[in-house]
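This briefing concerns the packing of the structure shown below. It is arranged by topic for reference alongside the coordinates.

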Amino acid sequence: MLRPESEAELAQIVAGLTAPVRIRGGGTRSVPGPEAELDISGLSGITLYEPGALTLVAKAGTPVAEIEAVLAAKGQRLAFEPMDHRGVMGTEGTPTIGGVVAGNISGPRRIQAGAARDFLLGVRYVDGMGQVISNGGRVMKNVTGYDLVKLMAGSWGTLGVLSEVSLKVLPKAETQATLTVSVPDAGTAVRALSAGLGSPYEVTGAAYDPALGQALVRIEGFEASVAYRAEALSRLFAPFGTVARLEDDPWPGIRDVAPYHGRAGDVWRISVKPGDAPELAARCKAEALLFDWGGGLIWALMPEGADLRGRLGEFAGHATLVRGDRTQRAMFQPEPAPLAALSRGLRQRFDPKGLFNPGMMG
């Protein structure tokens with residue numbers, strides 16, 4: 001295992017590589033690829049935090065928990081609500097901010113606040129030639145190279161090894177409330193969630209758990225505003241089913257797909273148009289389902305080795321194998337030929353020797 005302790009050492013290591021490596025952050029997500037690992041957990045620490053400017057800069061190996069604790073002390077948070085994969089993957093380790101950015105890992109609040117990439121202001125990374133590249137800025141008004149910054153989010157380490165990220169943060173809400181709507185099926189659930197999301201009441205979470213027969217909606221903000229909006233949404237949801245206010249906070253469990261923790265089977269993440277979700281969910285013939293993002297995201301627990309993509313057929317979206325045997329099935333949905341050619345061109349430009357995470361490419 002190669003474990004640099006500084007950005008300069010990381011660049012030196014990459015410049016000397018002669019064979020592909022698998023990039024490792026906190027070890028919480030299963031990344032297929034070669035045995036050789038490039039461990040960036042030694043690049044850790046918050047290098048800048050300006051609460052007044054809503055800006056935080058951290059090295060890529062910094063634990064997410066460390067960042068969240070520092071933000072919480074100032075009444076702030078990572079608004080994109082990154083998922084913790086350990087439970088669903090059955091792994092240990094420590095989630096790192098570099099891994100979150102590399103995977104564009106975003107939770108239930110994405111429907112209202114945006115994804116991880118939307119909060120990424122700047123990056124520093126080492127490309128496939130061992131060069132240190134700095135792109136973007138450390139404050140919101142500096143958006144130099146903004147498209148390249150966004151490109152690194154969701155690249156899963158195939159374009160370069162992140163060494164530092166700059167993030168916009170937001171104030172933590174004073175309070176929150178979760179309403180549940182008892183619904184008979186996925187179609188009713190998606191219609192109810194769509195009504196909530198289309199309302200002026202600033203819904204920040206919209207999920208459906210078929211096992212409970214409940215659609216769930218979250219609202220956040222000042223206490224008086226939350227109370228008003230909860231009452232208004234209760235009236236809005238009344239035609240769909242019985243409405244109740246939940247005392248517990250279900251959103252960490254929805255974010256981390258808690259119903260699948262400790263259960264055997266393959267876990268798939270399906271990104272779809274919400275209106276298509278009920279029909280596609282039925283095609284899965286899954287052992288369990290969990291809907292997030294108003295129906296735009298479906299988590300499916302499938303029998304081991306099941307050909308989910310074959311069951312779904314062609315659809316407007318993509319299915320990602322999060323947990324399961326990837327020797328026969330690619331982790332990511334195969335890309336159309338023009339898009340695949342563009343992806344190959346980008347990797348050739350950023351990593352001409354094909355060093356970084358080759359197992360993520362299909």
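The model is predicted. Its largest nonpolar core has 61 residues, and a second, separate core has 37 residues.

**Nonpolar cores**
- Leaving aside residues up to four places away in sequence, L78 touches V64, I67, E68, L71, I97, R109, L167 and V169.

**Strand β14 and its partners**
- Strand β14 spans residues 266-272 and is mostly covered, with 6 of its 7 residues buried.
- Strand β16 (residues 297-302) pairs with β14 in the antiparallel sense, over 6 bridges.
- In this pairing, A300 of β16 is the bridge partner of W268.
- Strand β17 (residues 317-323) also runs antiparallel to β14 and is joined to β14 by 6 bridges.
- Here G317 of β17 stands opposite V272.

**Helix α1**
- Helix α1 covers residues 7-15, and its residues L10, A11, I13 and V14 are buried.
- These four residues lie on the same side of α1 because they cover an arc of only 165° around the axis.
- The exposed residues A8 and Q12 are carried on the face of α1 turned away from its buried side.
- The strands against which the buried residues of α1 pack are β2 (37-39), β6 (120-126), β7 (132-136) and β8 (161-168).

How values were computed. Residues are numbered from 1 along each chain as its sequence is written. This is a predicted model: local features need pLDDT of at least 70, side-chain atom pairs count only at pLDDT 80 or more; totals for chains, interfaces and linings use all residues. Side-chain values use heavy atoms; hydrogens and water are left out. A nonpolar core is a set of buried Ala, Val, Leu, Ile, Met, Phe, Trp, Tyr and Cys residues joined through side-chain atoms within 4.5 Å. Buried means under 20% relative accessible area, exposed over 50%, partly exposed in between (1.4 Å probe, protein chains only). Contact means heavy atoms within 4.5 Å. Helices (H or I, at least four residues) and strands (E, at least two) are DSSP runs, numbered from the N terminus. Two strands pair if DSSP finds at least two bridges between them. The arc is that of the directions from the helix axis to the C-beta atoms.
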